[in-house]
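Look at the structure first, then read on.

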Amino acid sequence: MKNLAVAGTGYVGLVTGVCMAENGHNVTCVDIDEQKVKTMREGISPIYEVGLEELMRKNIDAGRLHFTTDYHAAYKNADAVFIGVGTPEKEDGSANLQYVETVAKQIADSIENDCLVVVKSTVPIGTNDNLEELIGDSLVHNVRVEVASNPEFLAQGSAVRDTLEAARIVIGTESAWAENLLTEIYTPFNLPIVSVNRRSAEMIKYASNDFLALKISYMNDIANLCELVGADIQDVAKGMSYDERIGSKFLNAGIGYGGSCFPKDTSALEFLARQYGYDLRTMQATISINNEQKLKLYEKAKQRLASFDGLKVAVLGLTFKPGTDDLREAPSLANVPLLLEQGADIYAYDPIGVENFKQFYAEGRYGQGNITYVDSPENALEGAAVCLIFTEWGEIRAVMPSQYKELMESPLVFDGRNIYDLQEMADKGVEYHSIGRPSVKN
Ligand code: UDX
């Protein structure tokens, strides 16, 4: 059992803290927000993640999981401090390291014993070298401190499972001391550990995320071509998936990837490459395909309808993917303003994303347009002239093809996530447009 501190209580920090406690360590999670700390102490999670609150309560009750705003007390005697604060994208595509650096300085200010600083946040290659120097230069006590890279591969919506049952733990260290300590911390997880140097660990994170983003953009690129040549991307993906070298995951074409990782990590690696004088063409293409893909559905609908002015538009799904209330880089945020600008009367449904979406678009009028939120897909579809699907929530998949015909004024559906069978939509008399597949006209 080790004494661990975790800086940041977002997806990465909080899940790391909880899963470390679940594996027997004594963990103190630090956040600057008093109110947030108070609610977390009661076992209430600030983020929506399956199974997280249960584990929080269990470990709080067992006395292994603590929350505080007092970073000094938390870091002072920690064997290791995990950094899980955000590295958001800056205007120019580079990663903003301000939060990581603030924590690094606080650590230097606080530690009174030898300590390993473990960076879980995604940071550009070479950052951890600089952080080690920064901490070393600002140390108050004469102690040994090293920085290790330990990238996080969790996906939102399955964060706890992804951490407790990770495919691999990547650790990047520069000394046997750091490697041994981090290995010891992860031993109770009983998972494969890949131990490399610090820069390789940093690169593994970007290369993994960006490869998945590339895979998605590749499928979207092929989907666009499928539309032109009369092929069906879902059949194409199925045929590809049997080849184990390709695999069956992340082959779904749609309206692009969103979320807190892929968009920023593709930009960050592209930016980093440019800094080194290298054109990372695969990422340039990945990013530009994704930007265009986000508006594909709107463009298709616009071409079909000519105008949205005064039309009742059902919008199904707002979050960037199912299983999360996160709206970061969600395609809905790129499409809804265009629909409103065009005078659409939007009725939007999302099982959990509405409250967050209201922070961008409160219910009401926007120029000629209007947005109203409803609590079921059926209520959004009632009397609608057109339906746009942005997220493949189970609640939305559960809408039967026949319901579009029954509920809508005219059964015209644009599906950005390819959730319906073409034949079934045709049989029920729905005009159905999706991505990379032939359109169904009635
Ligand atoms: C991702 C990585 O999966 C995770 O390993 C990393 O640590 C953080 O980034 P996340 O952003 O939570 O996790 O979601 P993920 O499920 O990977 O989906 C990302 C985006 O890709 C979503 O917008 C999703 O809709 C899109 N996607 C995914 C596709 O368009 N097609 C696919 O086949 C798969």
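## A salt bridge

The side chains of Lys300 and Glu227 form a salt bridge, with N and O 2.7 Å apart. The model is a predicted one. Between domain 2 and domain 3 the count is one salt bridge. Polar contacts there come to eight residue pairs, with both residues at pLDDT 80 or more.

## Domain layout

The protein splits into three parts: domain 1 spans 3–196, domain 2 spans 205–292 and domain 3 spans 294–433. Take domain 2 and domain 3. Their C-alpha centres are 24 Å apart.

## The interface between domain 2 and domain 3

How many residues of each domain are in contact? Domain 2 contributes 17 residues, and domain 3 contributes 15.

Interface size is often quoted as the accessible area lost when the parts come together. For domain 2 and domain 3, the buried area is about 1,300 Å². Carbon and sulfur atoms carry 49% of that area. Which residues of domain 2 lose the most area to domain 3? They are Ile255, Gly259 and Glu292. Together these three make up 42% of what the domain 2 side buries.

## The domain 2 side

Eight residue pairs are in polar contact between domain 2 and domain 3, counting both residues at pLDDT 80 or more. On the side of domain 2 that touches domain 3, at least two residues come from each of α9 (198–229), α10 (233–241) and α12 (281–293). The largest share belongs to α12, with three residues.

By residue class, this side of domain 2 has nine polar, five nonpolar and three charged residues.

## Around the ligand

For Gln156, a backbone N or O atom is 2.7 Å from a ligand oxygen. For Leu251, a polar backbone atom lies 3.4 Å from an oxygen atom of the ligand. Lys321 uses its side chain: a polar atom there is 3.0 Å from a ligand oxygen.

Methods. Residues numbered from 1 in each chain as written. Predicted model: local features only at pLDDT ≥ 70, side-chain atom pairs only at ≥ 80, totals over all residues. Heavy atoms only, no water. Domains from an automatic or database assignment. Contact = heavy atoms within 4.5 Å. Buried area = accessible area lost by both parts, 1.4 Å probe. Salt bridge = Lys/Arg side-chain N within 4 Å of Asp/Glu carboxyl O. Polar contact = N/O pair within 3.5 Å; in protein donor to acceptor, adjacent residues only side chain to side chain. Helix = DSSP H or I, 4+ residues; strand = E, 2+ residues; numbered from the N terminus. Nonpolar A, V, L, I, M, F, W, Y, C, P; charged D, E, K, R; others polar.
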